[in-house]
Amino acid sequence: MNLKDSFIAIIVLAICILWALADGPAAQQGIGSALRLMTPLLLACLAGLYSERAGVFDIGLEGKMLMAAFTSASVAFLTGSAWLGLAAGIAGALVLSLIHGLASITFKGNQLISGVAINFLASGLTVLVGQNAFGLGGRTPSLTGAGRFNPITLPFADAVRDMPVLGPIYSGLVSGHTILVYVAFALVPLTWWVLFRTRFGLRLRAVGENPASVDTAGVSVTRLRYAAVAICGVLTGIAGAYLATALSAGFVKEMTAGRGFIALAALIFAKWRPWQALFATFLFGLLEAIANLYPNLDLGFVTVPSMFMNALPYILTVVILAGFVGRAVPPRAGGEPYVKER
Amino acid sequence: MDKMPKWADVILTPLISLVLAMGISALVILAIGESPWVALTTMVEGALGSSYGWGFTLYYATNFIFTGLAVAVAYHASLFNIGGEGQAAMGGLGVALVLLNIPLPHWALALPVAMVGAALFGAAWAFIPAILQAKRGSHIVITTIMFNFIAAALLNYVLVNILRPVGSMDPASARFPEQTNLPALTDLFAAIGIEWGRNTPANITFFIALAACLLVWVLIWRTRLGFEIRALGKSEPGAVYAGINPVRITVIAMLISGGLAGLMAINNVMGESERLVLNAVEGAGFIGIAVALMGRNHPFGILLAALLFGFLYQGGGELALWTSIPRELIVVIQALVILFTGALDNMVRMPLERLFLSRRRTGGA
């Protein structure tokens, strides 16, 4: 990884260190909050990474997350088990993934339009079914106890609490999150390994760049793309379940609140690479945490309104897309259905 | 190879898609334990059964005509403009700035000035994504999505910190001057002695929307620019070979598209709320996508599709009022229409093509 590729990582670490030096306790609280806020972004971003690397654009991440949040919260409430909720979340997102696959792979339709449709489908169905099932205006009842994923304390967190530097970082930041946060972080190296060190990953990337060559090699383009879309469904499912059963205690109408699009922005920011995705989502998580902590951030010479912080991920993405700060080039066959030559 | 007669392509496929979308919606209603028939009659009664219902249906349809035309013009240049929502919101800002800052004695004078403001702001919001697409190849779908969010944040800031009158808690601008308020359709009917649609928001913008349909038709099929837009949409290398400048046409198509989306603000901001409120567009920008797809990107089709969605919107509101079905049913129907007419188009089209092909063979033999 050269210096240019570590650009985002350096910025993110610089923000964290400056913050910690300026106001230690606030930084600990803010960075911890950023870690929790970035988790759904990271999961959705990796989900999009698999799909788009295989040549299937997915602007339906938002809808899949929303659907998963609803199914997971509903099942977690009815069964009292967060794990069953997680399974239901994955199932909910997978159904929408299947529709996306049918539209964009089997019927060679427009992937972007399919994504738009999926977002609306989730937005409407969750409230329609939720209102009918629970009668709370589209909310699900609050989850308690085992219906939620609760924070876990890592081993030795208490032992090292009083040590300088390591103590606040390990027991304050690394420890004390829900299991899904650790799953999301573990998925980053796993994704890197799958994409760049396995045969499946090579083929998946090839199918996003030049599907004809994969087809010529006798590998099914259709099957590979469906696999990628299914992985995308599983990951958005976990992301949605995290939102409804770990970050908050239940489903609320439109609770994804644009996170699917921020994840999409992070994916472009990361130039479709897993490690950069980690830092891009961390950056966006930090921005959200800062906007929450300081609604009007006073930098001395200028006061930054929270609206600007909220819009910053989108503005940064447009700047990156414009190619002024390192060009983001999407997978070459992205967005195009593969038609076999006859 | 002509697989289908034109009428089948233009009328039959959207109709079958619509029937499929409605059928699945009916199943959804059945699944939540309600009667699709009652739902349908409630919607028809509420949206079309009275002049009151029509007043709202036409008001919504006016919004959707503008956003549908916006999507269609860009689509002819093979650009997918998802940014109608943000462009219409910025159009609202343009209308508000014009009406609050320029003293205009009469609505007939205020209307053209406000239209210029709306179209300019809408077009300006489409300009950056357009130029980035044309010059740097940044994917316009992504940039317009991002610009929707940036517009929402910007409007939020402007309404809370700048346009909000002193002492008001509401994130909304001051009311526009009384004399600039547009006449409602009910006033026009009253002038010729007919009582029609009292207390409904439908206003004379509806006629502007109809004129816009006609103008877009002329533009796309009867002018040199329209030809260049379609040529670029069909094949960029072909267009370049014919001496068409793709950068210029991409930007112009998007400016027209953004301007049309912005013009929607005449209806909702100037005509209805008579001040700028937060989230004034209420998703109409996205419904434009469904309307354009359903209307096959033709102004006449868009007019019909906009009326259909106007009906669904007003009917959906009535549904929420009289039954226990929430109005989000409309969002589901909208999603299914987009899915079937847009993404699963081939699923409907391929069997139809096969049918016509086999019929022609037996007919010819």
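**A residue in chain B**

Phe311(B) lies in helix H13 (residues 299–322) of chain B; helices are DSSP runs of H or I with at least four residues, numbered from the N terminus. The model is predicted, so local features need pLDDT of at least 70 and side-chain atom pairs count only at pLDDT 80 or more, while totals for chains, interfaces and linings use all residues. Residues are numbered from 1 along each chain as its sequence is written, and chains are lettered from A and ligands numbered from 1 in the order in which they are written.

**Surroundings of Phe311(B)**
- Phe311(B) is buried because 22 other C-beta atoms lie within 10 Å (20 or more count as buried, 12 or fewer as exposed, and values in between as partly exposed, with C-beta atoms placed from the backbone).
- Leaving aside residues up to four places away in sequence, Phe311(B) touches Ala47(B), Leu48(B) and Thr57(B); contact requires C-beta atoms within 7 Å.

**Nonpolar core**
- The largest nonpolar core has 241 residues, and Leu69(B) is one of those touching the most other members; such a core joins buried Ala, Val, Leu, Ile, Met, Phe, Trp, Tyr and Cys residues through C-beta atoms within 7 Å.
- Helix H3 (residues 51–76) of chain B gives the largest share of this core, 16 residues.

**Contact between the chains**
- Chain B contributes 35 residues to the contact and chain A contributes 39 residues.
- On the side of chain B that touches chain A, H6(B) provides the largest share, 10 residues.

Definitions and conventions:
Helix = DSSP H or I, 4+ residues; strand = E, 2+ residues; numbered from the N terminus. Contact = placed C-beta atoms within 7 Å.
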